Amino acid sequence: CLNNAGVPKEICIRSISVRVYETTYRSKGQFMLKEEYQPKAGDLIIFSSNGASHIGIVVRSDETTVYTIEGNTGNMVAQRSYPLMHDEITGYILPNYNN
């Protein structure tokens, strides 16, 4: 999805491991827990169930809901929405698009 969205590799790493994304961006101070942050378009959303397991791109959010586009969800690319405090959302990666 990042490739198709035109996000350069210099802005956001590529990995098949969601844990690598989370670990990398936590160490850079570019990861926020869901309880501490209002997601914005372009952020990456991390989902966890028994460990980090899925990632998507935030399209937008409002007072109660985050809207995403995700690959490999139900064997397709799809738009989804979740309550901001959905139990499987771990947090958000904030890519530095100003680089």
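Predicted model: local features only at pLDDT ≥ 70, side-chain atom pairs only at ≥ 80, totals over all residues.

Residues are numbered from 1 along each chain as its sequence is written, and side-chain values use heavy atoms, with hydrogens and water left out.

Entry on N96. I looked up its exposure, taking buried as under 20% relative accessible area, exposed as over 50% and partly exposed as in between (1.4 Å probe, protein chains only). N96 has a relative accessible area of 33%, so I recorded this residue as partly exposed. Contact here means heavy atoms within 4.5 Å, and N96 touches I11 and Q30 when residues up to four places away in sequence are not counted. For polar contacts I took pairs of N or O atoms within 3.5 Å, where within protein one must be able to donate a hydrogen and the other to accept it, and residues adjacent in sequence count only if both atoms are side-chain atoms. The side chain of N96 reaches the backbone nitrogen of N98 at 3.1 Å.

Entry on the core. I used a nonpolar core as a set of buried Ala, Val, Leu, Ile, Met, Phe, Trp, Tyr and Cys residues joined through side-chain atoms within 4.5 Å. The largest one has 12 residues, among them L2, V18, Y25, L44, I46 and I93. Two or more of its residues come from each of α1 (18-27) and β2 (44-48), and α1 gives the largest share, three residues. I then looked up Y25, which, leaving aside its neighbours within four places in sequence, is in contact with I11, C12, I13, Q30, F31 and I93.

Entry on β2. Four of the five residues of β2 are buried. Strands count as paired if DSSP finds at least two bridges between them, and four bridges join β2 to β6 (residues 89-93), the two running antiparallel. I45 has Y92 as its bridge partner in β6.

Entry on two charged residues. The side chain of D43 does, however, reach the backbone nitrogen of K40 at 2.8 Å. K34, in the loop between β1 and β2, is likewise buried without a salt bridge, with E35 as the nearest opposite charge at 4.4 Å. The side chain of K34 reaches the backbone oxygen of I89 at 3.1 Å.

Entry on D62. I placed D62 in the loop between β3 (52-61) and β4 (65-70). Its relative accessible area is 22%, so D62 is partly exposed. The side chain of D62 reaches two backbone nitrogens, that of T64 at 2.9 Å and that of T65 at 2.8 Å.

Technical notes: Lys, Arg positive; Asp, Glu negative; His and termini not counted. Salt bridge = Lys/Arg side-chain N within 4 Å of Asp/Glu carboxyl O.
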